[in-house]
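Colleague: Please take a close look at one part of this model and describe how it is packed and what lies around it.

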Amino acid sequence: MRKRLLKIVFIVLVIILVREVVLVSIARYNNKKSVDAYFKNDTSFNYKSDFIIEIPKINLESVIKKADADFKNLDDSLVYYKYDNYKEKLIVFGHSGVGYGTYFNRLDELGTGDDVYLYKDRHKISYEVSKIYSVFDTELGILNNDKKGVMLLITCEKSNKNKRLVVELTINNVQTLKK
Amino acid sequence: MKKRVLVVLLSIILFLPFMSVKAGNLDSYVDWNLDRSIFAHQYRNGSDHVTNLAMITVNGKVAYCIEPGVTADKASYYSSTTNIYDTNLGYANTKKLSLIGYYGYGYPGHEQREYYMAAQELIWREMGVSNVWWTDKKDGGNIINIDYYKNEILRLVNNYEVAPSFDFKKEYMVGDEFSISDKNNVLEDYEVAQGKNVNISGNNLNVKVEDNDNSFTLRRKQNGKTTMYYYKDGYQTIGTFEFPYNYEKDYSINHFYGEIIVDKMDDDNKSKEPSSTEATLEGAEYGLYDKDGNLIMSKKTDKNGMVIFDNLTEDNYTVKEISPSPGYTISKTVTKTYVGTGTKKVTIKSYEKIIENIIIITKVLDDPVNKICTPEEGILFGIYDINGNLVTTAKTDEKGLITLTLPYGKYVLKQESTIEGVDKVKDRIIEVTKDGITQNITLVNHKLPELHFEEKTLPNTGKNGITTIFLLASLCFVGLLYEKKTT
């Protein structure tokens, strides 16, 4: 009896793991497809609302979508909160950890001075990491549009789920790309 | 004796070729009338030789003594020749003699006997007589003054080789016809020897310029007659001068073809720069028509908007556009023009209107709660061309409207700004292909859904569930292995 129970539990857990692997693959495929669509000027890319972020140090190239209600789409991709104008304050959320959609898992490897690039429509905005700090998940003040030309990359701290790792970046320059 | 006779005979045979014997044909009857009231004085060899005026004729034609000091044989037959070297005379300035004789007695308007006297005197002087004069008595008497007649003959003699002269232009267009007068006023005495494109009318030369060599030759009018010399052994040589000699001159006229150039330009810019990056001045077809409206040829403009109709002859032409170049409307202008010698190259500037559409954009916000659409004022739009270059921007007015005119081409309409909480519409393609169309575009925006998350905390951005699942699966696996071992 016990053996059968263990077997069933094991199979269920394996199925969940397999599902997770499949979802990771699909998420990665969709992400890559979106990134490729942008750089190939494909009209399937939503130039109006989506961004592309590139962080060479952690080998990240991903699409950033606008956060929907309750941040449901945060599981599938990086999302930005509210403001889509790089001249204002951009706030980007992403998961860290193990599983699909954990694009910010290596965010803690960034240091001051590291380069980050943001692509919006025909513009390439070059950022530089200016500050790295942590906030409690109750500190909602960082969501205020109090700074211009700044981007925040936010994810959970691996050691403390009640805290959020914030990587603050400032703009170096803006390039207009030829289509 | 026989030997001597033989020697004489042989000598005669040997020297025969060197003995000239002018046998002649004795085909011309020489005679004259003496005018005993007039005496001709020839001063030669230191003495005055006086004779009556003898108006010689040969076969009824006026003739002159050209060998003074030698007697003529009256009422007898002489031999005739056109070559003075056949006569006893040998060398003489035959051109001068023939001219004097030709313009002497018998020339139109020269019917007075004084012309005979003048011509004869001029001939004698030409043949070496140092002085000649005329009197009404053999000894003494009055001098008959014939200076006027001599001068008139000499005037004509000196003008014989004065050819017509024309002030031609540097060149004429093929097909051109014109009339030009002879500056030397001698054209009436000439005829066209060679040249089908010219003819003479009084002192004017009429020319039609042709598409080939426009050279021509004018020569002194001929009468089918010639100068003749008459000779008889032992008697003076006589000459008749019904025509002196041939004289002609060559002329040449340069020709060229005309051109009509159509220079197409943009009507809005008044230059070669199209009003739209997608329009071009190249490829517009123009037709060239003759004065009766028949199409001669058609050509298309090159990349500079130019077309050249060349190799045109002098005439009136009409030019009009048959089909426009891409992005432009057809021009209704019909141009009539003339090309000729004075207007070698005609340039027609053709200004073309670009195809345009009026674009009316209506921007509204959808309000599903109240089921209405409200106009949005102050929304900024950008219009970009196919290369992504910004063409223009515009803001909606209080009615949510933007009205603008766009030239030929394909454009992308982008919403550049929005109000908070409202989405932006997707980019819209606008194509302007046909002229005079008004395009109405209605754009509907929607309010964005409110973002909800826990008021007290930032979104959860950690995922470790899978780690737990993996650990549990591992434990289960270990448990299963243990169970298998124990059983």
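Modeller: The buried residues of α2(B) are Leu97(B), Ser98(B), Leu99(B), Ile100(B), Gly101(B) and Tyr102(B); buried means under 20% relative accessible area, exposed over 50%, and partly exposed in between, with a 1.4 Å probe and protein chains only. Helices (H or I, at least four residues) and strands (E, at least two) are DSSP runs numbered from the N terminus.

This is a predicted model, in which local features need pLDDT of at least 70, side-chain atom pairs count only at pLDDT 80 or more, and totals for chains, interfaces and linings use all residues. Residues are numbered from 1 along each chain as its sequence is written, chains are lettered from A and ligands numbered from 1 in the order in which they are written, and side-chain values use heavy atoms, leaving out hydrogens and water.

Helix α2 (residues 94-102) of chain B packs against helix α3 (residues 113-126) of chain B at an angle of about 170°, and their axes are 9 Å apart. Axes are lines fitted to C-alpha atoms, for helices over the stretch in contact, and angles run from 0 to 180 degrees between N-to-C directions. α2(B) and α3(B) are therefore roughly antiparallel (angles under 35 degrees count as roughly parallel, over 145 as roughly antiparallel, 65 to 115 as roughly perpendicular, the rest as oblique). On the α2(B) side, Lys96(B), Leu97(B) and Ile100(B) make the contact, and on the α3(B) side Ala119(B), Leu122(B), Ile123(B) and Glu126(B). These residues comprise 5 nonpolar, no polar and 2 charged; Ala, Val, Leu, Ile, Met, Phe, Trp, Tyr, Cys and Pro count as nonpolar, Asp, Glu, Lys and Arg as charged, and the others, Gly among them, as polar. Leu97(B) and Ile100(B) belong to this contact and are also buried.

α3(B) also packs against helix α4 (residues 147-159) of chain B, at an angle of about 65° and with the axes 8 Å apart. That makes α3(B) roughly perpendicular to α4(B). The crossing of α3(B) with α4(B) is right-handed, that is, the near helix is turned clockwise from the far one by less than a right angle, anticlockwise being left-handed. From α3(B), the contact takes in Glu114(B), Tyr115(B), Ala118(B), Ala119(B), Glu121(B) and Leu122(B); from α4(B), Tyr148(B), Tyr149(B), Lys150(B), Glu152(B), Ile153(B) and Leu154(B). Here the count is 8 nonpolar, no polar and 4 charged. Ala119(B) and Leu122(B) of α3(B) take part in the contact with α4(B) as well as in that with α2(B).

As for the chain that holds these helices, chain B has 5 helices and 32 strands. Buried residues account for 41% of its 487 residues. Of the contacts in chain B between residues at least 6 apart in sequence, 66% join residues at least 24 apart.

Methods: Contact means heavy atoms within 4.5 Å.
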